[in-house]
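Reader: I am new to this structure. Could you show me how to read a few of its features?

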Amino acid sequence: VKLITSNCGDVIKFAGDAILAVFPSTSFDNNNSLATLRCSQVGLKLAGLELIAGPQRLSVHCGMGCGEVIGYHVGGVYNRWEYAVTGDPIEQIGSSEPEAEAGQLVLAGPCVPWLVRGLIQKMPKSLRTMMSKKFEEEELARLKGATADKRADTSNSSGRSTPEECKKDFPFQGVLNPSSGNFLLTSIDIGMTSLTPTTEMKKRD
């Protein structure tokens, strides 16, 4: 919880042994890209935790979505209340989280463009314009269906889709699952992996 809250995130719900956390864009000057980047960094840190409870070794896996969420306080009968959360990110997490195995972070497909934009913003100015143009060109090609044939070729003889490795055009690595569109994020290589809380963040805690 401290790792999340010290990096501009907020834990909004506990569900059994799981937690639901948000990284609102308002905490990043309304910059969705930087919010996605920070959430991805924290997710990788959380997935890499090694936890021990007595003789048991515990593991963490994470699913990630993006978009607008809406929270409701429902109930009231016998003074019993429940905080319910809905929105596209919840549906995306329902798809991405089951794909994550122990020690893994899986991003829903819509998160990837935001992650790339966030990484571009953190690049040196000399690279920013070039990489931004390259990304926009690839996105345009994707939207036009230029990659449809490549995705079709990733299906094996059993009809099940096999993941394809991400080209290292940008400073992150992972594996795309073409059947779901989700992305297994394995690393972020840009020189900003330290998540040391700033003084302002510490004060907020």
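Author: Start with strand pairing. Two strands pair if DSSP finds at least two bridges between them. Keep in mind that this is a predicted model.

Reader: Which residue of β2 stands opposite V11?

Author: A21 does. The strands here are β1, residues 10-15, and β2, residues 18-22. They pair in the antiparallel sense, over 5 bridges.

Reader: How many residues lie between the strands of that hairpin?

Author: There are 2. In this hairpin, G16 takes a positive phi near 65°.

Reader: Now a single side chain. Is Q92 buried or exposed?

Author: Buried means under 20% relative accessible area. Q92 has 14% relative accessibility, so it counts as buried. Q92 sits in helix α3, residues 88-96.

Reader: What does the side chain of Q92 reach?

Author: The backbone nitrogen of C66, at 2.7 Å. Leaving aside residues up to four places away in sequence, Q92 touches G65, C66, A108, P110 and C111.

Reader: What does L107 touch?

Author: Not counting residues up to four places away in sequence, L107 touches S40, M64, S96, L115, N182, F183 and L185.

Technical notes: Residues numbered from 1 in each chain as written. Predicted model: local features only at pLDDT ≥ 70, side-chain atom pairs only at ≥ 80, totals over all residues. Heavy atoms only, no water. Helix = DSSP H or I, 4+ residues; strand = E, 2+ residues; numbered from the N terminus. Buried < 20%, exposed > 50% of the residue type's maximum accessible area, 1.4 Å probe, protein only. Polar contact = N/O pair within 3.5 Å; in protein donor to acceptor, adjacent residues only side chain to side chain. Contact = heavy atoms within 4.5 Å.
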